[in-house]
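Please read the following report alongside the sequence and the coordinates.

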Amino acid sequence: MLSSEKQDLKIETKYPDVEIVDIQYCESDPLKAVEQATNMINAEPELKGIWGVSGNSTVGIANAVSELNKVGEIFVVDFDNIEPVITALESGIIQAIAVQMPSRMGAESVQTIIHIIMAITQILKK
């Protein structure tokens with residue numbers, strides 16, 4: 001984990017009983033996520049939770065948790081609502097989903113770009 005990433009999260013500051021043991025990138029590849037989650041679970045026997053930032057990564061995490069018989073012991077949270085994630089939520093492998101709002105995220109991104117372009121245009125006019 002890059003130290004700047006850990007500082008940006010500020011989780012350990014707000015929640016001193018929570019320790020972030022690692023951040024891994026699976027490039028939304030569920031097979032890579034299975035391998036990473038399996039390695040993390042084996043390396044961290046006191047691990048209590050894993051957060052997947054995409055549906056595909058969480059599918060891999062859920063598979064690892066299930067294959068290692070850790071369902072109910074490791075809390076899994078996802079950031080997408082794709083069908084395999086919903087199925088894993090309904091079966092109890094995943095405990096929570098923080099659903100994205102892609103249309104709102106896209107609209108806010110476009111608005112931000114417009115504001116940046118307008119600001120740059122004003123600067124260039126001077």
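## The nonpolar patch

Ile11 is partly exposed, with a relative accessible area of 32%, where buried means under 20%, exposed over 50% and partly exposed in between, computed with a 1.4 Å probe and protein chains only. Ile11 lies in helix 2, helices being DSSP runs of H or I with at least four residues and strands runs of E with at least two, numbered from the N terminus. Together with Tyr15 and Val18, Ile11 forms a nonpolar surface patch with about 260 Å² of accessible area.

## Basis of the model

This is a predicted model, in which local features need pLDDT of at least 70 and side-chain atom pairs count only at pLDDT 80 or more, while totals for chains, interfaces and linings use all residues. Residues are numbered from 1 along each chain as its sequence is written, and side-chain values use heavy atoms, with hydrogens and water left out.

## The negative patch

Glu19, Asp22, Glu44 and Glu46 form a negative surface patch; patch residues have over 30% relative accessible area and no salt bridge, with like charges joined within 9 Å and nonpolar side chains (Val, Leu, Ile, Met, Phe, Trp, Tyr) within 5 Å. A salt bridge here is a side-chain nitrogen of Lys or Arg within 4 Å of a carboxyl oxygen of Asp or Glu. Asp22, in the loop between helix 2 (11–14) and helix 3 (30–43), is partly exposed, with a relative accessible area of 31%.

## Overall form

The chain has six helices and three strands, and of its 126 residues 25% count as buried. Along its principal axes, the C-alpha trace spans about 65 × 35 × 25 Å.

Note on methods: Areas by Shrake-Rupley, 256 points an atom, 1.4 Å probe, with all protein chains shown as cover. Lys, Arg positive; Asp, Glu negative; His and termini not counted. Charge placed at Lys NZ, Arg CZ, Asp CG, Glu CD.
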